[in-house]
Amino acid sequence: MSTPDRPTPGQTIGPFFGYALPYEGDADLVPPGSPGSIRLHGKVYDGAGNPIPDALLEIWQTDAAGNVPQAEGSLHRDGWTFTGWGRADTDLNGHYTFSTVLPGASEDGAAPFFALTVFARGLLDKLHTRIYLPEHPANAGDPLLVSLPEDERATLVATADATGLRFDIHLQGDRETTFLTYR
Amino acid sequence: MTAPTKKPPVETQADLSAEIEKLEADSAGQNVRQPLLDYPPYRSSILRHPTKDPRHADPETIELWAPCFGNSDVDPLEADLTIAGSNEPIGERITVSGRVTDGEGRPVRNQLVEIWQANSAGRYIHKREQHPAPLDPNFTGVGRCITDSEGRYRFQTIKPGPYPWGNHINAWRPAHIHFSLFGRAFTQRLITQMYFPSDPLFALDPIYQSITDQKARDALVARYDHDLSTPEYSMGYHWDIVLTGPSRTWTEPEEGDL
Ligand SMILES: [Fe+3]
């Protein structure tokens, strides 16, 4: 068994990604307003409670039936192909918006979620977390959710609103989002 | 909640360097391979790092797969950053190439690589950019490519200049190219920066120094590769990238890749 190679370290995304990484349609996994579409949105906050206007979020998810998408085309969306991946930068109010569908469970009885990565100026490496669906019956048996104290669990579950789901991210502070590392 | 007010920096490089040295001494022998998220010499990190340790999770199915990108996403011409304008960009023409592999040395094939960088004068095309260095009408500093069957990427660009930033008085970033990478699993997602050999600004830069292990820092520095240089045309830099994190079981490709 060979020794695993050393990982290349991360570095901050910095302040100047805005003309490079965002692209037209990046946050629209499905066309906004199309049948079955929801808005997934929220704000990103720093430890002083101020919104972060230079963060970049990426989601990666199953389709509504729980399949893992393996279609290319995220960078030039055709409006018909669900690639399961999207990218949204925050606006000057720290707000982000995705247009997508609710993820389905990849296995019977599993709690569906959006996998999320967070990047920002001032944040020296990526952060991973999950966005679970509010009041989904499978949440009660999810190994991660049940392992967490109530206040931390609450940071990982979106809330329903008129157009879909709301999920705020707190990099620091009383309501600091629970971030993940994978075994 | 009060609106953030932008205060001009008052600390000098000497103040910052003293902080950097102290944190370096504190972490001696710890072999931390990733940047410290809580690294006060990088002032913007102070309110933007989680204070709790991340929770351990067993990756679920979706996290063990990665999004797919391909020829419908990226035009091969996007790997050449020197052809965006009607004339040649100003600066030292370079080729940057290397391999993307996972922690077991297996190639990350057919995967998206995105880069962005300052021009040769150290200026980005960005509306919040303040540095009064010239823009280059023939250089946007943005490129993309898809790795080949061996995990290789290759960009044609110009060498970026160092640039000043507001972290402290007389703060300068070492020349770098920002890289965004996807692995074989979403757990392996990486955004980082590639540096150039022997930059005198390394010792002074809080972002580079936030990685306290010298071997790990070295992994962000490309090496000059004369074999990548093109006669009478451009200089070559080689930089390999290792993406770690759990992924699904490796399956060999159908036709021989021995
Ligand atoms: Fe930069």
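This is a short tour of a predicted model, stop by stop.

Residues are numbered from 1 along each chain as its sequence is written, chains are lettered from A in the order in which they are written, and side-chain values use heavy atoms, leaving out hydrogens and water. Local features need pLDDT of at least 70 and side-chain atom pairs pLDDT 80 or more, while totals for chains, interfaces and linings use all residues.

**Stop 1: a sheet in chain B**

Select strands E4, E3, E8 and E9 of chain B. In that order they form an open, antiparallel sheet. Strands are DSSP runs of E, at least two residues long, numbered from the N terminus. Two strands pair if DSSP finds at least two bridges between them. Now colour the edges: E4 (142-146) and E9 (190-195) of chain B each pair on one side only. From one strand to the next, the twist averages 20°, taken between lines fitted to C-alpha atoms, with angles from 0 to 180 degrees between N-to-C directions.

Zoom in on E8(B), residues 176-181. Six bridges join E8(B) to E9(B). Which residue in E9(B) stands opposite His178(B)? Pick Gln193(B).

**Stop 2: two cysteines**

A disulfide here is a pair of cysteine sulfur atoms within 2.5 Å. Over all chains, the count is zero. Cys145(B) is buried, at 7% relative accessible area, whereas Cys68(B) is partly exposed at 21%. Buried means under 20%, exposed over 50%, and partly exposed in between, with a 1.4 Å probe and protein chains only.

**Stop 3: the largest cavity**

On a 1 Å grid over the protein atoms alone, a cavity is a set of points where a 1.4 Å probe fits but cannot get out; a pocket is an open set with protein on both sides within 12 Å along at least five of seven lines; lining residues have an atom within 4 Å of a point. The structure has three cavities of 30 Å³ or more. The largest holds about 80 Å³. Its lining includes Phe113(A), Pro112(A), Glu60(B) and Ile62(B).

**Stop 4: the second largest pocket**

This pocket has a volume of about 700 Å³, the space filled by probe spheres set on the points. Select Asp125(A), Lys126(A), Thr181(A), Gln34(B) and Pro54(B), the closest to its centre of 29 lining residues. Which strand gives the most to the lining? Show E10(A), with three residues.

Definitions and conventions. Helix = DSSP H or I, 4+ residues; strand = E, 2+ residues; numbered from the N terminus.
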